[in-house]
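Here are a few friendly notes on the pockets, written for reading alongside the model.

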Amino acid sequence: MSSDFKAVILAAGQGSRLGALTETRPKCLVDLCGRSVLEWQLRHLHAAGVREAVVVTGFGANLVDREVARFELPGMRVRTQFNPFYHLADNLVTCWLARGELVGHCLILNGDSLIETGIPRALLNAPPADITVTIDRKASYDEDDMKVLTTSEDRLLGIGKTITEYDGESIGFLRFSPEGATLFTRYVEQAIRQPEGLKRWYLSVIDQIARETGRVQVCSIEGLDWAEMDFPADVPKNLALAERWTANPST
């Protein structure tokens, strides 16, 4: 089943919060032990059985095109799609531009989410649902975490950085059934027409779908390795993660 899934990687942003690391390259190209964030993502998706990926680019698009062109992942087709509005809008617009790719069985992965191979495997093998959001749980959460509230039946009740009740966090990786992809793109089309549409995150649409339809489930990946590339303080722990993956390529 995994070979039927297309992964759409949202990598249009610069990542200015990383300072000098992203002055001339997007954060998906930050080097971790000789491989970019993007290469780690694609290698682990490939190892999990995903055979097609579309990288939505923006800042430093030519650099990402060159990076993608050098990959050798047998049986995996990787291509890019350019978002010319990356400097004007948030990632809801990126999803809107990529809506033609969000058809059938598909995945969305944030361009700054590092995931071990076990995470796409867990998501692909999760129970059937229209939309499935991967989540982790920890002892405490900070203001930058994309928090979630769930039920005991793994249904998503809400998602956002400012929700006041929560029991986990999104790691920026979602799975869609064909019906879920259609539902999501329909909501994205509606949201983009609103005055605030250019400044919305796509996960605000997932929150809306969850609250209005109840058709969003969660998949916990507790115990598996993942990280985000947002701030300079993230780099040392992400390097340590990449070192473990280099030493144990099966993860």
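1. First, the terms. On a 1 Å grid over the protein atoms alone, a pocket is an open set of points where a 1.4 Å probe fits, with protein on both sides within 12 Å along at least five of seven lines; lining residues have an atom within 4 Å of a point. This is a predicted model, in which local features need pLDDT of at least 70 and side-chain atom pairs pLDDT 80 or more, while totals for chains, interfaces and linings use all residues. Residues are numbered from 1 along each chain as its sequence is written, and side-chain values use heavy atoms, without hydrogens or water.

2. In the largest pocket, 33 residues form the lining, and R17, K27, D90, N91 and D112 lie nearest the centre. Its volume is about 870 Å³, meaning the space filled by probe spheres set on grid points joined across faces, edges and corners.

3. β11 (168-176) is among the elements supplying at least two residues to this lining, as are β1 (6-11), α3 (91-97) and α6 (202-213). Helices (H or I, at least four residues) and strands (E, at least two) are DSSP runs, numbered from the N terminus. The largest share, four residues, belongs to β11.

4. The second largest pocket holds about 290 Å³ of space. Its lining has 14 residues, with K138, D145, E228, D234 and K237 closest to the centre. Both β13 (226-228) and α7 (234-247) give two or more residues to this lining, and β13 gives the most, with three.
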